[in-house]
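Have the 3D view open as you read.

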Amino acid sequence: MRMTRRQSILAGASLPFAAGAASTLATPAAAAGHGGALPTHRDFTLGDFRVTTLLAGSRSVPEPQGIFGMNVSTEEFAEVSAQNFVPTDAAQFFFTPTVVNTGSEVILFDTGLDAGGMTNALSAAGYAAEDITHVVITHMHGDHIGGLTNEAGEATFANAAYVTGQAEFDFWAGAENEGFEAKVRPLADKMTFIGDGGSVRSGITGMAAFGHTPGHMAYMLESGGRQMLLMADTANHYVWSLAYPDWEVRFDADKAAAAGTRRTLLGMAAADQVAVIGYHMPFPGAGFVEARGSDGFHFVPVSYQFM
Ligand SMILES: [Zn+2]
């Protein structure tokens, strides 16, 4: 079959796009659960920092009211969901570590569910595991510490130092927790510990965001006069947790403290128009927060503000 000249131009023109798209698609391991339909990294320019969100995994979870809005009626949950165009029979979960390249350090915040998903997403963004100089752990749930080591227990990031919150480490160190003992304890002598206001590096400041876990921390990034707030698991669904900070979340250890932290951090982001990156927000995980109604917030995904 012969193509006309016009057909061949069209066919050729589509190739670079296809090739470019393929290079950013998830590898099979990283794509598990989301069919490879999403890219696995997104770059943001924040002053002198290159900030990259990494999709280390994604999956569909059935019956989300077993996790979100546990203290409201089925009817209210359904009504709010319908108003916001999200289904109630399943929710898509995203697991989104972030790399901050300061020019002299490559700092990874959280490590996904496992080492494979983590390193696949890193390499798609142009980083090898050996490039990581620091790993910051926001809190010690399995979906944040899982990528610290592989199945053989070997450290994923051979050249990294580790930073985490003192209160968070102390809590889990006394909790006889399997995940902590397997993933965190073996690295403890390479860790430094910080508290509220502590600095990881110039322009990267820890903020107490307790509630989700006893020592959960957020991090403010600042470079070139611009800010981004890595809010980790402060709010875990872009509708249910933002519009209704008091809706209880199964994974929040202290539900009242977690709701208070949502109000404080989301209120600050809204007032100061600071972009947030949320570990479980829909990929690429970044957006702005708008105060809406008497006591809630609305998530506005990023467009081109950091290109
Ligand atoms: Zn999480």
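Start on the outside: the face of α9 turned away from its buried side carries Ala256, Ala271 and Asp272, which are exposed. Keep in mind that this is a predicted model.

Buried in α9 are Ala258, Thr261, Arg262, Leu265, Leu266 and Ala269. They cover an arc of only 110° around the axis, so they sit on the same side of α9. And what covers these buried residues? The cover includes β12, β13, α8 (240–243), β14, β15 and β16.

As for its length, α9 has 18 residues and reaches 26 Å from first C-alpha to last, close to the 26 Å expected at 1.5 Å a residue. Just after α9 comes glutamine 273, with a positive phi of about 55°.

Next, the sheet. Seven strands make up an open sheet with mixed pairing, in the order β10-β11-β12-β13-β14-β15-β16. β10 and β16 stand at the edges with a single partner strand each, so one side of each has no neighbour in the sheet. On average, neighbouring strands here are turned by 35° against each other, ignoring direction.

Helix α9 packs on this sheet, and its direction makes about 95° with that of β15. Here are some of the strands involved:

| Strand | Residues |
|---|---|
| β14, touched by α9 | 275–278 |
| β15, touched by α9 | 286–292 |
| β16, at an edge | 296–301 |
| β10, at an edge | 199–201 |

Finally, zoom in on one pair: β12 (residues 217–223) and β13 (residues 226–232) pair in the antiparallel sense over five bridges. There, tyrosine 219 stands opposite leucine 230 in β13.

Technical notes: Residues numbered from 1 in each chain as written. Predicted model: local features only at pLDDT ≥ 70, side-chain atom pairs only at ≥ 80, totals over all residues. Pairing = 2+ DSSP bridges. Helix = DSSP H or I, 4+ residues; strand = E, 2+ residues; numbered from the N terminus. Axes fitted to C-alpha atoms, helices over the stretch in contact; angles between N-to-C directions. Contact = placed C-beta atoms within 7 Å. Expected span 1.5 Å × (residues − 1). Buried ≥ 20, exposed ≤ 12 C-beta atoms within 10 Å, placed from the backbone. Arc of directions from axis to C-beta.
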